[in-house]
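Colleague: Could you take me through this model? I would like to start with the overall layout and then go to single residues.

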Amino acid sequence: MADEQNNEVKKSSGMAIAALVCGILSLVGACFGVGAWAGVVLGIVAVVLGVMANKAGKDTKATAGMVMGIIGLAISAIVAISCTICTMKAKKAAENWEKQWSESVESGDWDDLSKALEDLGSLLGE
């Protein structure tokens, strides 16, 4: 009986530490733009491991990992979605500029070409 309890404590402690590590990494993942999708996944893993470890036996590390996982999940999701939308819009703007540029070159219309270069400058913030 004592061995079963000892194994259960070790198992819940391992899950608690894993939840804590995943929670911390999900918070760190929120700082890396499109890479924040990894923070979303790690946040979910932290929450699941934290719940499982708390069911096996209350542990403050499991609770801390679960809380950090929830916070990291929320922040990472916001950052990941925002960066994905921004990247998609930038790609579309670049494609539009490329289309305008190639049409200007093909037609030999230097006024349109000049406008395309001005648009590029405004995209780059110059």
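**Layout and single residues**

Modeller: From the N terminus on, the elements of the chain run α-α-α-α. The chain has 4 helices and 0 strands. Please note that this is a predicted model.

Colleague: What is the average pLDDT of the chain?

Modeller: The chain averages a pLDDT of 81, and 81% of the residues score at least 70.

Colleague: And which elements have the lowest and the highest mean pLDDT?

Modeller: The lowest mean pLDDT, 70, belongs to helix α4, residues 110–124. Helix α2, residues 36–56, has the highest, at 91.

Colleague: Turning to burial, what percentage of the residues is buried?

Modeller: Of the 126 residues in the chain, 26% are buried. The accessible surface of the chain comes to about 8300 Å², and carbon and sulfur atoms account for 68% of that area.

Colleague: Which residues make up the largest nonpolar core?

Modeller: That core consists of 6 residues: Met 15, Ala 16, Ala 19, Leu 49, Ala 53 and Ala 62. Two or more of its residues come from each of α1 (2–29) and α2. The largest share, 3 residues, comes from α1.

Colleague: Which residues form a nonpolar patch on the surface?

Modeller: Ile 17, Val 21 and Leu 25 form such a patch, with about 240 Å² of accessible area together. Val 21 is found in helix α1.

Colleague: Why does Val 21 count as partly exposed?

Modeller: Val 21 counts as partly exposed because its relative accessibility is 42%, and that class covers values between the cut-offs of 20% and 50%.

Colleague: What about Ser 26: buried or exposed?

Modeller: Ser 26, which is placed in helix α1, is buried, with a relative accessible area of 0%.

Colleague: Which residues is Ser 26 in contact with, leaving aside its neighbours within four places in sequence?

Modeller: Ser 26 is then in contact with Gly 39, Leu 42, Gly 43, Met 68, Gly 69, Gly 72, Leu 73 and Ser 76.

Colleague: Let us follow Met 68. Where is Met 68 found?

Modeller: Met 68 is found in helix α3, which spans residues 60–107. Not counting residues up to four places away in sequence, Met 68 touches Leu 20, Gly 23, Ile 24, Ser 26 and Leu 27. The C-alpha atoms of Met 68 and Leu 25 are separated by 9.1 Å, although these residues are 43 apart along the chain.

Colleague: How many of the contacts between residues at least 6 apart in sequence join residues at least 24 apart?

Modeller: Of those contacts in the chain, 61% join residues at least 24 apart.

Colleague: Next, the loop between α1 and α2. What is the relative accessibility of Ala 30?

Modeller: Ala 30 lies in that loop. Its relative accessibility is 11%, so Ala 30 counts as buried. Apart from residues up to four places away in sequence, Ala 30 touches Ala 36, Ile 75, Ser 76 and Val 79. The C-alpha atoms of Ala 30 and Ala 80, 50 residues apart along the chain, are separated by 7.6 Å.

Colleague: You mentioned Ile 75. Where does Ile 75 lie?

Modeller: Ile 75 lies in helix α3. At 40% relative accessibility, Ile 75 counts as partly exposed.

Conventions
Residues numbered from 1 in each chain as written. Predicted model: local features only at pLDDT ≥ 70, side-chain atom pairs only at ≥ 80, totals over all residues. Heavy atoms only, no water. Contact = heavy atoms within 4.5 Å. pLDDT = per-residue confidence, 0-100. Buried < 20%, exposed > 50% of the residue type's maximum accessible area, 1.4 Å probe, protein only. Areas by Shrake-Rupley, 256 points an atom, 1.4 Å probe, with all protein chains shown as cover. Core = buried A, V, L, I, M, F, W, Y, C linked by side-chain atoms within 4.5 Å. Patch = residues over 30% accessible without salt bridge, like charges linked within 9 Å, V, L, I, M, F, W, Y side chains within 5 Å. Salt bridge = Lys/Arg side-chain N within 4 Å of Asp/Glu carboxyl O.
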